Structures are given as structure tokens and as C-alpha cells.
Protein chains: 2
Amino acid sequence: MATLADVAALAGYNKSTVSRALTRPEMVAPETLTRILTAADQLGYVLNRTASQLARGRTGLAAFVVPTLENAFFAPIIGGAQARAAASDLHLTVTVAPLETAAQVAALTRLASQVDGLILAAPRGDDTHVRAIGAAKPVVLVDREIPGLPSVVADTATAIGTVVAGLAERGHRRIAYLGGPAGSWQDPGRSASAREAAAAAGVELSVHGPFPATFAAGVASAEDVLGTGATAVVPYATALALGLMLALRGRGIHVPEDVVVSAETTVVDALGAPGIPAIDVDGEALGHAAMDLLTSAAPDTLRLPVRVSWSG
Amino acid sequence: MATLADVAALAGYNKSTVSRALTRPEMVAPETLTRILTAADQLGYVLNRTASQLARGRTGLAAFVVPTLENAFFAPIIGGAQARAAASDLHLTVTVAPLETAAQVAALTRLASQVDGLILAAPRGDDTHVRAIGAAKPVVLVDREIPGLPSVVADTATAIGTVVAGLAERGHRRIAYLGGPAGSWQDPGRSASAREAAAAAGVELSVHGPFPATFAAGVASAEDVLGTGATAVVPYATALALGLMLALRGRGIHVPEDVVVSAETTVVDALGAPGIPAIDVDGEALGHAAMDLLTSAAPDTLRLPVRVSWSG
């Protein structure tokens, strides 16, 4: 994907001139503008129109689009984005739209006309659906990447590899990974990372799913997990982990004595036992970064680190 | 609270004439209008302007305001409201605003000018804050009542009384109630209902809190609960129940063998043990009712029953 720096290099201007040309063309000499636009065109550079449109403040509204509100994962991200929106004197609304049907895309396109920009957490919708929204208004993707669109992703895949490696080091020979929702953009990266780490450590890894990120799905996964003889489980989401923990308990299996289940630090700490991996996405930082991208012109692709720790 | 029927009776017109006078005054004879407005004024009747404004469809947007997205309780309510909004060709956005500070109220008042109406889940904001929003646009309250404003409330208080009575019947002599957030509108009704049921059954009830409706608060409550010697706990929210269950487990206390904790059916069923009370709010029905009130002119106060069942 071409960046602002690529356009600057090809056109022979510095980045601030290119940025000005693209966002405030009236402030740049016509000849300069022509060279920059030609370079941008040759490179297929997609201008993120956020800066110009948001600066004009047409509505003062931005929208955060989530596929569901049942997954608490989005709450701190929305909180972070909301804090930054307030600082830019924008009001952030939240819209629930999985973007899986044409009707959902159409409804969101109508909404897009009433806001200045959108942050999209669209783990499952087709690229074309997401691009349709991006064509209507400036967008920033959260936890998903599509070439040409700005995005911020939590690098959970790397964290999951670290957890699998750490479990192997702590003596677990059979580990189960509980995958996320069908079609989730994050899931293939996470399961690949788990597989690589297991292969490198020479331990068995079973991959299960797809599962929606819900407590009920975690309960339902207990049968699968028990069938594998795994002594450690790495679920895609905290809600899955909680459902699995209670369902294992209901079958007389002790957590974490018999089976270790990774989760957020809050959950891991509640159990008060050592050797449990905690995976913590800094949702607030994700939200901050997403809103910062929306209010800037940079079509950046950011990957934020995800913290792994072990109860002691 | 005065109703449309009261105004009709005092003014001496039928309800449809009164409704027309209040929503389309230009269609009513001036003399009729004067009599009806005088009657409305005498009775302190608050016109719900939803029908007229929504019918004109100024923006096609409605907003669902929640204090936080960390409490999964709101997800099915928003889903229910969203389904009904789509049927009325409205797009429902969600706004996170606890309505506890003047700045939050001011931001929401600005948002109100960009939507046709609002559903407010405002468990903690002052009445005056909520009324300020109601003065700007048609509102419907969820899980809270303020005289003169339409509302729909889940009758969790009655359900909690039923649970406490049922626990006493099943032999529990010491029961703990974990209260909700400070200033919550629902909490005093719930704790009063728990106290009455305990007194009627002649069992001890300890009341704890306030607690935010979070997993972490449930973990923190374990110390309090253990101090009481309670064999059954009734938490305000499912997130509290989950945190408490895992924290008790971490202290070597078996759930439900040593301590029974009430929760939603999904959680209770995961444990696969008998005698656990399940409390289920039909969030979707709550959302349906709230949106129906918003799109009708009726300033109704609805109380929906909450289901109590026992694992067998």
C-alpha cells in the first residue's frame, strides 16, 4: 500500500507539502498540486479524507461500528475512542452492524451520510462491504486490515504464540486452541501463531471452532476440550474462557489444577493460583489510536502489542 | 401522572381530538386547542412529542444511551430496540453517557438535536439531568422511572424477592445480597424486596455494596461474602456473580456445593448442579417495548416480569 512518504518521494516534495496538497489544495501552487496528484495517482495512493472532512466539522458526529455488543472486548476500545473524540469536540455514537448482509451495509451507508467519519470493528463482513462504507466516508478499521484503508490492530496473534510457547515450557504437552467466530479476520493469524509455537516446542495442539465469542459457546466447548486430553486451553475470547471454566467445574474438572485456561488478568487473578497465562489487550490504547487515525490524514496501519503475563 | 385520557376528560373531548391538538395543532379549531392546552396545563400533562417528531422523520436516527458498555445487560435490550427501529425505518445508534456530570448532559443535549428521539438507560444520573434531555427531544427511560416520562422497567425487584424466598425454602438460613452501583435507581427496590422476603421467611440477610456491575467487583466481594457465613448469594448483576464464583473457587470454596450464587440461566446451567436460582431479564422484550413507546405518543409506564427458575 502506498504511503504519504511514497507519494512525497515520487513527486519530489516533502511529506508536509504532500499532506497540504491533498487536504488543502487551495494552499499549494497549481504546478506542485499537479505533480503531487499525478504521483498519488500512479501509486494508487488512497487519500484518507478524514482530516479535511472532520476539520470542516459538518456534523460533529463520528460513529463506532461494532458487530455485537455482547462481546465486552469492544467496551474499552469504544471508551478510548470516545475520550479522544471528546478532545476533538466530536460526539462518538456506537452502531451495531455485523456488515454481513447487503441490508446492513445499506443501513450503515445511510448512517454514514450523517456522520463525519466511522471507526469500523468489522471482523467478519466482506472486504467489499467494508470498502463500500469507506467510499462513503472516512473510515478506520479496528482489529482488521484491508489494503488501502487505515487500521489499528491488536497483535493478539503474537501474544497467543507466546502463551503456547510458555505453556510448553511449563510442561503442558497437549494444548487446545478455541477459535473465534466463523470468518473472523483475526482468527487465522491467531491459530497459525498457536500452531507455529506448538510445532517449535514439539507439543500437540488441537484447534477447535469456530465459536462465537460468548459465554454459552465456552460452555459448549467443554466436550471438545475434554476429548483432547488437553491440560491447557487458549480461548479466542474471555467470554469463551469463562464459559469453559464453569462448564469444566460442572463436570468435576478443577481449574486450574486439572486444566489451565488463559484469560484476561482480572479473571486469572481471581483464581489465585500460579502458572496461568494472562493475555491483555489494551483496548483503551486501541481506541485512542483509532480515533487519532480518523482525525489525521495518515493512512497508517498500526499494530499494537498485546501483553502476556503469568500468575505467580 | 396525568394521561392523555385525563386531559380528554377534563377538556371534554375524546382522546383522538386531544392527541391531534397536541401533535398537529394546525388541524384543530383554535377554541378547541385552547381548551385542551389549558386542561393539559392544569393537569401538568407532559406531551411526549415522539409521535409527531418521529412521524416527520427529520433525521431517521434514534439514540440508545447507556451508562457503560462493560455491562452485557444492555446488549440484548439494544438488540431488541434496534430490531424494532429497523421496522420503523429508523437507524438506532448507541451513545455511552453516564449522565453524571453537567458536561455529559451538555454533550448529550447536543447529540439530541441530531436525532428524532432517545431511549435512556440512565440508572444513576440525577432526575434533573434526565429531564434536561427529555426537554430537548422525546425520550423513553429503560429500567428507571421518573414521573411524567414514559418508561419500561424489568421487575427484577420482585424476582429477587422470589429468589430469596425460594432459597429460604431450600434451607438457606444466611443469604447475602450484593447491591448494584452507587445511586442506581433499581438497587433500593431490589434490596428492599430481598429484605422483605428474608424477614417473611425468618432468615438472615446481609446487604453488601455498592458494587459496579463488573467481574472485578464480584472478585472483590468474595471477602465480604465469606465474612457473613452466607450459603447463598444473590448478586445485582451476572458479571458480579461470575467474578464472585471464580474468586470463591480461588479460595477453595466450592460453588455451588458450599455457596450457591444466583445468575442467568446460561451461567447456572453451565454448573450442571441442582438448586441454583436463575434470574432472566428478557432484554429483547424490554428493547421492543422501549422502541414501541418511543414511536407512539403514549406516556406509559410499563413493568415487565422477570423470570425466576431453579436448576434441577
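Reader: How far apart are the centres of domain 1 and domain 2 of chain A, taken over C-alpha atoms?

Author: They are 27 Å apart. This is a predicted model: local features need pLDDT of at least 70, side-chain atom pairs count only at pLDDT 80 or more, and totals for chains, interfaces and linings use all residues. Side-chain values use heavy atoms, without hydrogens and water; residues are numbered from 1 along each chain as its sequence is written, and chains are lettered from A and ligands numbered from 1 in the order in which they are written.

Reader: What makes up the domains of chain A?

Author: Domain 1 covers 4-43, domain 2 covers 57-149 + 283-307, and domain 3 covers 156-280. These bounds come from an automatic or database domain assignment.

Reader: How many residues of chain B and chain A take part in the contact?

Author: Chain B gives 33 residues and chain A gives 33 residues. Contact means heavy atoms within 4.5 Å. About 3,000 Å² is buried between the two chains, 65% of it on carbon and sulfur atoms. Leu69(B), Leu246(B) and Arg249(B) supply 20% of the area that chain B buries against chain A, more than any other three residues. Buried area is the accessible area (1.4 Å probe) that two parts lose on being put together, summed over both.

Reader: Why is the link between Arg249(B) and Glu257(A) called a salt bridge?

Author: The rule asks for a side-chain nitrogen of Lys or Arg within 4 Å of a carboxyl oxygen of Asp or Glu. Here the closest N and O atoms are 3.1 Å apart, so the pair passes.

Reader: What joins Glu100(A) and Arg124(A)?

Author: Their side chains meet in a salt bridge, 3.1 Å from N to O. The pair links distant parts of the chain, 24 residues apart. Glu100(A) sits in the loop between β2 and α6 of chain A, and Arg124(A) in the loop between β3 and α7. Helices (H or I, at least four residues) and strands (E, at least two) are DSSP runs, numbered from the N terminus.

Reader: What makes a space a cavity or a pocket?

Author: On a 1 Å grid over the protein atoms alone, a cavity is a set of points where a 1.4 Å probe fits but cannot get out. A pocket is an open set with protein on both sides within 12 Å along at least five of seven lines. Lining residues have an atom within 4 Å of a point. The structure holds two cavities of 30 Å³ or more. The largest cavity has a volume of about 120 Å³. Its lining includes Arg249(A) and Arg249(B). By class, the lining has nine nonpolar, no polar and two charged residues. Arg counts as charged.

Reader: Which element supplies the largest share of the lining of the second largest pocket?

Author: α5(B) does, with eight residues. The pocket holds about 570 Å³ of space. Of its 28 lining residues, those closest to the centre include Val96(A) and His91(B).

Reader: What kind of peptide bond joins Gly209(B) and Pro210(B)?

Author: A cis bond, with omega about 5 degrees. Pro210(B) is in the loop between β7 and α10 of chain B. Val255(B) and Pro256(B) are also joined by a cis bond, with omega about 10 degrees. Most peptide bonds are trans.

Reader: What is phi of Asp143(A) near?

Author: Phi is near 60 degrees, a positive value in a residue other than glycine. Most such residues have a negative phi. Asp143(A) is in the loop between β4 and β5 of chain A.

How values were computed
Points joined across faces, edges and corners; volume = space filled by probe spheres on them.
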